[in-house]
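Let us read this model together, feature by feature.

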Amino acid sequence: MSAPPSPDPAGRTTLLVLGTEPPPRLGRLTGRMRIEYADEATLAGLLPAADVLLVWDFASRAVPRAWPGEGPRPRWVHTASAGVDHLMCPELAASDTVVTNARGVFEGPIAEYVAALVLAMAKDLHRSWELQRAREWRHRESQRVAGTRACVVGSGPIGRAIAGTLRALGVTAALVGRSARAGVHGPEDLDRLMARADWVVSAAPLTPATRGMFDERRFGLMQPSARFVNVGRGQLVVEEALAQALTNRWIAGAALDVFDHEPLGRDSPLWELPGLVVSPHMSGDTVGWRDELGAQFVELCELWLAGRPLPNVVDKRRGYVPGH
């Protein structure tokens, strides 16, 4: 275990960054804070001397392993991601440490990605590409998107952006959240809405209540012509149940951008499932997204250094930013 760094002679706040490939651009913070870098092997030893932890490598599961150790812990943890399930452990949840996320960066790109999948599946673009490569002229009829129904599960900023983008295409989009409120259905309506939907989009956070929510029973509720899209968390879906639904043609197709285990192994049967589009957790990643994440953190850090309230504060018990 690495020894913690010695106190900063200038009395600067210590920022610890987990992950460096590529490193974040911290711009205006350079020289104002003492910046240390950690990986999974060194995180536990460096945590006690850190005032702030930036989880730049949001695929890492090092924080729950390192956090329960001895010594002081950072007063603020920021993750460069929308989800926080990779951070949480009982000790962090029970602490006074403030946790914030990257809300505001990923909503638009993910909504565009979902809309692209909906259009591609409705217009059978994958099959057109296959036929082109085979130099085969085969006329087909495609589906109108306008007038179809979508059930978007997850009423946070990402789910709302998805619903808004689909509505712009003429889709009737119903939002399902943790509780019913204006414009949002409660979980008691989920089965009914899924049974009527042409598109079921999963954009919920991963919590004990949502883990495995898309299972054999729920895929059995969907129409044979319906499609399923998951841009939330892989663990929301029972992958064996989805494979069964596609193989038995209970549903017409699906698209997964997130998986139970990532990266998806080369020997996974998901690669060969009929009607399944696989993408490598990229729905929110557009050109310049890392720079946006770095700029967002710099702005939050300046608020924190000035003693001002932070936006994007996560309810650590629920696992997401409340009030949406």
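**Core, pocket and salt bridges**

Q: Which residues does Ile162 touch, not counting residues up to four places away in sequence?

A: Contact means heavy atoms within 4.5 Å. By that rule Ile162 touches Ile110, Ala111, Val114, Val152, Val201, Ala203 and Val231. This is a predicted model, where local features need pLDDT of at least 70 and side-chain atom pairs count only at pLDDT 80 or more, while totals for chains, interfaces and linings use all residues. Residues are numbered from 1 along each chain as its sequence is written, and side-chain values use heavy atoms, with hydrogens and water left out.

Q: Which residues touch the most other members of the largest nonpolar core?

A: A nonpolar core is a set of buried Ala, Val, Leu, Ile, Met, Phe, Trp, Tyr and Cys residues joined through side-chain atoms within 4.5 Å. Buried means under 20% relative accessible area, exposed over 50%, and partly exposed in between, with a 1.4 Å probe and protein chains only. Here the largest core has 45 residues, and Ile162 and Phe297 touch the most other members.

Q: Which element gives the most to this core?

A: Helices (H or I, at least four residues) and strands (E, at least two) are DSSP runs, numbered from the N terminus. Helix α10 gives the most, with eight residues. Apart from this core lies another, of 32 residues, including Met213 and Phe214.

Q: What lines the second largest pocket?

A: On a 1 Å grid over the protein atoms alone, a pocket is an open set of points where a 1.4 Å probe fits, with protein on both sides within 12 Å along at least five of seven lines; lining residues have an atom within 4 Å of a point. Sixteen residues line this one, and Met121, Asp124, His126, Gly275 and Val277 are the closest to its centre. Four of the lining residues come from α4, which gives the most.

Q: Which parts of the chain does the pair Glu302 and Arg32 link?

A: A salt bridge is a side-chain nitrogen of Lys or Arg within 4 Å of a carboxyl oxygen of Asp or Glu. In the bridge between Glu302 and Arg32 the closest N and O atoms are 2.9 Å apart. Glu302 sits in helix α10 and Arg32 in the loop between β1 and β2 (33–38), 270 residues apart. Both are partly exposed, Glu302 at 24% relative accessible area and Arg32 at 40%. Arg28, Arg32 and Glu302 are linked in a network of salt bridges.
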